[in-house]
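Q: I'm new to this one and would like to learn how to read it. Could you walk me through it, feature by feature?

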Amino acid sequence: MTQRFEHEIVFGDTTLRDGEQTAGVVFTRAEKIAIARLLVEIGVTELECGIPAMGRDEQERVRALVDLGLPARLITWNRALISDIQASIDAGIRAVDISLSVSDIHIALKLRKSRAWIKEQLKVAIGFAKQQNLYVSVGGEDASRADQAFLRELLQIAKNEGADRFRYCDTLGVLDPFTTFERIATLRRQVDLPLEIHAHNDLGMATANALAGLRAGAQFVSTTVNGLGERAGNAALEEVVMALKHACGVEPSIDTSRLVELSELVSHASKRLVPEWKPVVGRRVFSHESGLHTDGVLKNPLNYEGFDPAEVGLQRYLVLGKHSGRHGLIQRLEQLGLDPSSFNLEKLLLRVRQEAQRCKQPLDDQTLTRLCGVAGSQIFPSGEAPPAGGMAYAFSCSSCSDAFPRDYKHDISGFPAAKTPPGPN
Ligand SMILES: [Zn+2]
């Protein structure tokens, strides 16, 4: 299924800004550099990388990213204030997102200003930034709750003042994909200014809304790795990429095979564990247990997998548990070098299911061999005895039974040792 998109899609990844804005998340300088490098290596061409107006420390971290000379546009977040934009310039930045609240709720209750003030401030900020020859994205904070006629007026002002694009922010994540599509399509018709869709996940629709915005004509999409971000987070980079590829038939210019590696890097740096069932990058999303599914996957993975796990750097697991069937059991026995015909398979399957129910978890290989009545040393050359009661949590692939997070393999100076949470610096 191929769906038409108006433009070549640009990923404006904001893991280093909106992602770090997640309550309690701090990236060290080394972590920021490692994340930026990997994002660019996989093909992301724009990184929103910080808020220089926060002060000297943040400016130095942004400067460190600028100094890497990465082949990507580095953009910073700024209020519509000349002092904020100047702080970005001082950090070596040549592209700015100028953010301004555009909903009446924010204008009245947060800023305590008027629509007229917003319009004037927008002109002043864009005017200054363009005088400095900066690339300018105008960020419409809370655009999804703004008056649509006022929003159109602001887009026209942004265009007239020379802005390069407008970021439509569903700041509170309150839109659905249908409304997102209508809103973006309407703005595209009304004002000839490139649009970015910036979706939040409060109702679990960030990825869907990001796709809807792109389908409606937005050229840019804000994402974060693992969907990190304020409250319930942003649209996840890995989900948007794979949804474009497999739900929309579009091939984004992203090396998907390193998405899990990227996810693990950001998970470690942010100290936010990625659930095993997280779409696209969860380590166990390609686990199959039920008899029907396992049988189908053994015949051909296409039967029960929408894409090959290797596409994102994951593995497939066939799990023996309460719902397992004959085929999965036979395959596992064969993999362990045991002859299935030498067992009463019906009886063995019953015991497998009973054991899984008793322990409320899948069976590891050692437990299976114990149920088979085979000595552990016959299967496991290391001589490890099967655990009593089979309580060890492991999948059929015993080499993958390590607890998350596993040791981090990137070797970068300043990065904390494996399994040691990064401290503030
Ligand atoms: Zn945001």
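A: Let's begin with a term: helices (H or I, at least four residues) and strands (E, at least two) are DSSP runs, numbered from the N terminus. Helix 2, for instance, is followed by Gly43, whose phi is positive, near 120 degrees. Residues are numbered from 1 along each chain as its sequence is written. Keep in mind that this is a predicted model: local features need pLDDT of at least 70, side-chain atom pairs count only at pLDDT 80 or more, and totals for chains, interfaces and linings use all residues.

Q: How many residues does helix 2 have, and how far does it reach from its first C-alpha to its last?

A: The expected span of a helix is 1.5 Å times one less than its number of residues. Helix 2 (residues 29-42) has 14 residues and reaches 20 Å, close to the 20 Å expected.

Q: Which residues in helix 2 are buried?

A: A residue is buried if 20 or more other C-beta atoms lie within 10 Å of its own, exposed if 12 or fewer, and partly exposed in between, with C-beta atoms placed from the backbone. In helix 2 the buried ones are Glu31, Lys32, Ile33, Ala34, Ile35, Ala36, Leu39 and Ile42. For contacts, two residues count if their C-beta atoms, placed from the backbone, lie within 7 Å. What covers the buried residues of helix 2 includes strand 1 (10-13), helix 1 (15-19), strand 2 (46-48), helix 3 (56-67) and helix 11.

Q: And the strands, what do they form?

A: Strands of a sheet pair through backbone hydrogen bonds, either parallel or antiparallel. The working rule is that two strands pair if DSSP finds at least two bridges between them. Here eight strands make a closed barrel that runs 1-2-3-4-5-6-7-8, with parallel pairing. From one strand to the next, the twist averages 25 degrees. As for angles, axes are lines fitted to C-alpha atoms, for helices over the stretch in contact, and angles run from 0 to 180 degrees between N-to-C directions.

Q: Which strands does strand 6 pair with?

A: Strand 6 (residues 165-170) pairs with strand 7 (residues 195-199) in the parallel sense over five bridges. Asp170 has Ala199 in strand 7 as its bridge partner. Strand 5 (residues 135-141) also pairs with strand 6 in the parallel sense, over four bridges. There, Val138 stands opposite Phe166 in strand 6. Helix 8 (residues 177-190) packs on the sheet, touching strand 6 and strand 7, and its direction makes about 160 degrees with that of strand 7.

Q: Is strand 6 buried or exposed?

A: In a regular strand the side chains alternate between the two faces of the sheet. Six of the six residues of strand 6 are buried, so it is largely enclosed by the rest of the structure. Arg165, Arg167 and Cys169 are buried on one side, and Phe166, Tyr168 and Asp170 on the other.

Q: How do helix 12 and helix 13 cross?

A: Angles under 35 degrees count as roughly parallel, over 145 as roughly antiparallel, 65 to 115 as roughly perpendicular and the rest as oblique. The axes of helix 12 (residues 291-299) and helix 13 (residues 326-335) come within 7 Å and cross at roughly 55 degrees, so the two helices are oblique to each other. Gly291, Thr294, Asp295 and Leu298 in helix 12 meet His327, Gly328 and Gln331 in helix 13.

Q: Where does Lys271 lie?

A: Lys271 is in the loop between helix 11 (259-270) and strand 9 (287-288). Lys271 has a positive phi of about 60 degrees although it is not a glycine. Lys271 is exposed, with 12 other C-beta atoms within 10 Å.
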